[in-house]
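Please open the model in a viewer and keep the selection panel at hand. The tour begins with a single pair of residues and then widens to the whole protein.

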Amino acid sequence: MSTAPPPDAPAGIAAEPARVEEPPFRVPRDRADLHAFLQAALTLEHLTIPPYLTAMYTLRPGTNRPAFYAIRAVVLEEMLHMTLVANLLNAVGGTPLVARSRFVTGYPALLPYSRDKVPVALRHFGTDALDTFLSIERPEYVAEPPGHPSVAGDTGWTSIGQFYNTIRAGLVRLTAELGEAGLFNGDRRRQAGPEDFYNSGGEVFPVTGLASALTALRVITEQGEGVSHSVFDSDDLLFGEAREPAHYFRFNEIRRRRAYGPHDTPASGPTGPAIEVSWEDAYAIDPAAKVADYPPGSAVRRAAEHFNEAYARLLCLLERAYTRDPAALHAAVPAMLRLRELSVQLYRNPHPDPARRARGLHASATYEITEELLGRVRRSLR
């Protein structure tokens, strides 16, 4: 176990963080509004996946197994959240769009719906990456939605929790205005169920009305933040599974190198068994790396391009599942495994730029997705 984490390199990010487009600061007024908010939620859930995958894939083989499995579990639950949001959007007559270049946030990006403009970058496993993850998942006071007297003076979002609370308020309002059958009139053949996607952190279920829609929002928020100021999620109550720490607290266990005990609280911090974490056992990378940084025709350039193509393939499979064939989710599993295989070919290589190589940096995946690339992948899947 390492006794002191070395500083991540490089400390800063040269590129200006991209801004994620946010819906207007109000409760959805109509069906079109609700579609826009849910598409934004889908984008938000996806935004976390490349940074989490980067931290997991940069771990040197055979090291930091507790951290690897903790991050992997969170990634699977983020995929679950994406699928539940897609079910929600389909249920109210929308169309989830994920195989679009604008859907994939350029990194580094600024964390949306947050009072603090936190940069979210593709960082290797280490203290900087974990501190960013804690900022993303941090449980905060869930503000009332826009229009509530307690937030009458607010002019913008203060938290992700407030954003989801706003979607919840919009669903309730529009159900009252349009009737449950009138609002939830989407094609039920698009609904993914447990037969299509299952993991140890909950399961996908169809959204067919207000009750199941509100349950989907509950799963998403409580798996991330915990249940009512608790360390733990609600998977035991909703799915009959073992109670697990919510995302924020799983990352905090790694950061503090100690597990939460059954009676621990957010205030107490983790007091359970120590967790072995070796900060130096990760491939250091440039968080602002681009494919253009690698020499044309080089093995590293080809590996980076193949990774982006494989990620585009995953997005195309997800869009197929969300828009016409839920069973296509089965193909997403080998697509994720292919990403890990391709990542190894990148991270084990010292950076081809001499200056970056001298700082101990390695080549890395960039998650750059273009419309031309997506079009090529779509044609290959026909």
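Which residue in E3 does Ala 109 stand opposite? Select Ala 109 together with Val 120: Val 120 is the residue in E3 that stands opposite Ala 109.

This is a predicted model, in which local features need pLDDT of at least 70, side-chain atom pairs count only at pLDDT 80 or more, and totals for chains, interfaces and linings use all residues. Residues are numbered from 1 along each chain as its sequence is written, and side-chain values use heavy atoms, with hydrogens and water left out.

Next, select strand E2, residues 109-110, which is joined to E3 by 2 bridges and runs antiparallel to E3. Strands count as paired if DSSP finds at least two bridges between them.

Finally, display the whole protein. The C-alpha atoms fill a box of roughly 65 × 55 × 40 Å along the principal axes. Of the 382 residues, 57% are buried, meaning under 20% relative accessible area with a 1.4 Å probe, protein chains only.

Conventions. Buried < 20%, exposed > 50% of the residue type's maximum accessible area, 1.4 Å probe, protein only. Helix = DSSP H or I, 4+ residues; strand = E, 2+ residues; numbered from the N terminus.
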